[in-house]
Amino acid sequence: MISGVRLVVLGKQGAGKGTQCVRLSHHYVVPHVSTGDMLRSEVKSRSPLGQRAHSLMEQGELIPDEMVMEMVGARLSERDTTGRGFVLDGCPRTTVQAESLDAIVQPFGLDIVINLQVPTNLVMKRLASRRVCVDCGANYSTAAPPLVNWTCDVCGGEVVQRDDDTEEVIERRLNLYEEETAPLLDWYKARDLLAEINGTGSPDAVTRRVVGAIDTLRRKMKGDGA
Ligand code: ADP
């Protein structure tokens, strides 16, 4: 049986985090914990958190650290994630969140942090053509739409353009990524947790690179007697 994993995936908007995280969660048989998906579902159910998050998300702003980390802390203390692990997508986005996550995942810590590298001109193109299922979050594009009439192939939900995938909001989200999230690459590098992965090419090729990096790390840890 394959071992679980305690994995964080970083990368700009449109780098393919969502697609890769779904694949990785199937491969390692661990939950895909996406803060974006969790927040969108809070908005949909009009919970108190959703009501506070809604307009910030529409404008491409970040949700305050303590609100997000309370939600993440609760999710990562459920039995499925404390048991086999998780693929964490969309968090941390700030150094404060990284510090808080560090405390949440003790005593085991993270196994590895993947950074999916994709040039900005390519992510802009991907985001402009991205379409998502409102119910299950499956990703499509104008070049690769669902089989039938913008109805999700997976769950039958409606496939639409995300409210925050407009040009202006995309620009704000990418700027915030550079300001707030990119510094985390050095933060994780200093802790010897970072693996930089080329995120261009087919989804299969990217998944092979990520799984290869995790397997190499595991072999190394076994060799070290860990
Ligand atoms: P993207 O990374 O493509 O912008 P996500 O689906 O990961 O999309 O997140 C959508 C929005 O949810 C973000 O723009 C932000 O408003 C909010 N959000 C998600 N995760 C976090 C987080 N860790 N901290 C603060 N805000 C977050």
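In this predicted model, an N or O atom in the side chain of R40 is 2.9 Å from an oxygen atom of the ligand. Two further polar side-chain atoms are placed against the ligand. One belongs to R162 and lies 3.0 Å from a ligand oxygen atom; the other belongs to T35 and lies 2.8 Å from a ligand nitrogen atom. The protein buries 97% of the 540 Å² that the ligand exposes when taken alone.

| Side chain | Ligand atom | Distance |
|---|---|---|
| R40 | oxygen | 2.9 Å |
| R162 | oxygen | 3.0 Å |
| T35 | nitrogen | 2.8 Å |

**The ligand shell**

The ligand is surrounded by 19 residues, and T35, E61, G90, R93 and R173 are the closest of them. By class, this shell comprises eight charged, six nonpolar and five polar residues. The element that gives the most to the shell is helix 2, spanning residues 35-44, with four residues.

**The cavity**

The structure contains one cavity of 30 Å³ or more. The space in the largest cavity amounts to about 70 Å³. Its lining consists of V9, L10, G11, K17, G90, C91, P92, R93, Y177 and T181. Two elements, strand 1 (5-11) and helix 8 (167-181), each give two or more residues to this lining. Strand 1 gives the most, with three residues. In terms of class, five residues of the cavity lining are nonpolar, three are polar and two are charged.

G90 and R93 link the two sites: both are listed among the residues closest to the ligand, and both also line the largest cavity.

**The second largest pocket**

The second largest pocket has a volume of about 190 Å³. Ten residues line this pocket, and those closest to its centre are S3, D111, R218, M221 and K222. Helix 10, covering residues 203-223, gives the most to the pocket lining, with five residues. The lining of the second largest pocket divides into five nonpolar, three charged and two polar residues.

**Summary of the sites**

Around the ligand, the leading contributor is helix 2, whereas strand 1 holds that place in the lining of the largest cavity and helix 10 in the lining of the second largest pocket.

Terms used
Residues numbered from 1 in each chain as written. Predicted model: local features only at pLDDT ≥ 70, side-chain atom pairs only at ≥ 80, totals over all residues. Heavy atoms only, no water. Near = heavy atom within 4 Å. Polar contact = N/O pair within 3.5 Å; in protein donor to acceptor, adjacent residues only side chain to side chain. Areas by Shrake-Rupley, 256 points an atom, 1.4 Å probe, with all protein chains shown as cover. Nonpolar A, V, L, I, M, F, W, Y, C, P; charged D, E, K, R; others polar. 1 Å grid on protein atoms, 1.4 Å probe; cavity = no way out; pocket = protein on both sides within 12 Å on 5 of 7 lines; lining within 4 Å. Points joined across faces, edges and corners; volume = space filled by probe spheres on them.
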